Amino acid sequence: MKLLLVHNDYGKYSGEEAVVDKMAVMMAEAGWDVAQLRMTTAGARESLTGKIKGFASGIWCPSGVRAMREALANEKPDVVNVHNLYPFISPAALRECKKAGIPVVMTIHNFRLMCPTGLFMRNGEPCELCLQKGNEWGCIRHNCENSRLKSLGYAARSAVARIRRHFLDCVDVFACITDFQRRKLIEAGFPKEKLLVIPNSIDAPSAPTFDKGEYVAYSGRLSREKGVDMILETARRHPEIPFRLAGAVRDQALVADLPANVVLTGYLSGSALADFYSRARFFVMASRWYEGFPMTILEAAAYGKPMIAPDHGGFTEIIGHGEDASGLLTPPGDLHRLSEAIASLWNDTVRVEKLGQAAHAKLISRYSTKVISEKWDKLLKSIIQQ
């Protein structure tokens, strides 16, 4: 059986590219013949001409439509798995799959089918205005991309795709990475029977050593919408607790006056990143926005480290409450409760180990590559049979 993966790469390598690359390897190892249709946005928007081309292509891209038609004719896939289509493939290309009678599964990485920016975020805070209004005018009105041309382009391409029903008519199954996404799509009018949840995955290692750990850790970009300012303020309130933050700084003002107990490691990879994870006591995230599927939770769990995170979006279901908890959840944007949770967990190493064990066990049973590969294999085969 043959699978065609379709993805328009972003300007810089992102989590979505990593997921698509992993999907290709994962399904090949499961016995599928995997082909790919890939285009890229890298370097395409550096000039005014490129920006205008990107604007128009998101609505209808002749070269993208043609590339889809040729890929279907040459590869003859049994099923197509679509990821990102913007801007140089465009949703209009889905019509080629419909004409060819080839079923389509779309992996939902973000909120783009309901929000032109795909983030459900404005000014660093959650925003569902376009979902609530049922149109894209909010993106233009509030200039959500901080560029009038870009905001207009994002709104226009989303409106055309919605009005022409490219996704509703041509996608057979929408594979959401969280149930939060699934519920939002139902709220937006997508049919329940076309929606299911298959989360992201990572390779699950053997049981880690659940040691005490040396510091509270954060991994990700250092920006306000990620709640890094609240993590730093917690550090100021608790000088007895060491903090280490790994990632690229997006806002220099945010880190201009660091507390003495905070170390910025910069961007880490390979063995340096592995060492960073293994030496942490636990991880913390304080994102003001929903995020999609925060992979840091799974990466920390692979090392037996629990997570403190906001109780919204995908965080809630991944970390869980009560007996299902593999970390602690705090009210979004509540600095006091976040500080309390960090201080409490830092001083309770028995609880840290218990939650770390729960996080690792959950990773093995729900988010390991083996488990997710089986889910995808079963889904794709069932769609072909239908």
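## Buried residues of helix H12

Thr-296, Ile-297, Leu-298, Ala-300, Ala-301 and Ala-302 are the buried residues of H12, where buried means under 20% relative accessible area, exposed over 50% and partly exposed in between, with a 1.4 Å probe and protein chains only. The helix, which spans residues 295-302, is thus mostly covered, with 6 of its 8 residues buried; helices (H or I, at least four residues) and strands (E, at least two) are DSSP runs, numbered from the N terminus.

The cover over these buried residues, judged by contact (heavy atoms within 4.5 Å), includes strands S9 (215-219), S12 (280-284) and S13 (307-310), together with helices H11 (270-278), H13 (313-319) and H15 (349-367). Just after H12, Gly-304 adopts a positive phi of about 75 degrees.

## Basis of the model

The model is predicted, and local features need pLDDT of at least 70, side-chain atom pairs count only at pLDDT 80 or more, and totals for chains, interfaces and linings use all residues. Residues are numbered from 1 along each chain as its sequence is written, and side-chain values use heavy atoms, with hydrogens and water left out.

## The loop between S3 and H4

In the loop between strand S3 (79-82) and helix H4 (94-100) lies Pro-87, which is joined to Tyr-86 by a cis peptide bond with omega of about -5 degrees. Ser-90 is also placed in the loop between S3 and H4, and has a positive phi of about 75 degrees although it is not a glycine; Ser-90 is buried, with a relative accessible area of 0%.

## The loop between H7 and H8

Arg-165, in the loop between helix H7 (148-163) and helix H8 (166-170), is a residue other than glycine with a positive phi, near 60 degrees. Arg-165 is partly exposed, at a relative accessible area of 41%.
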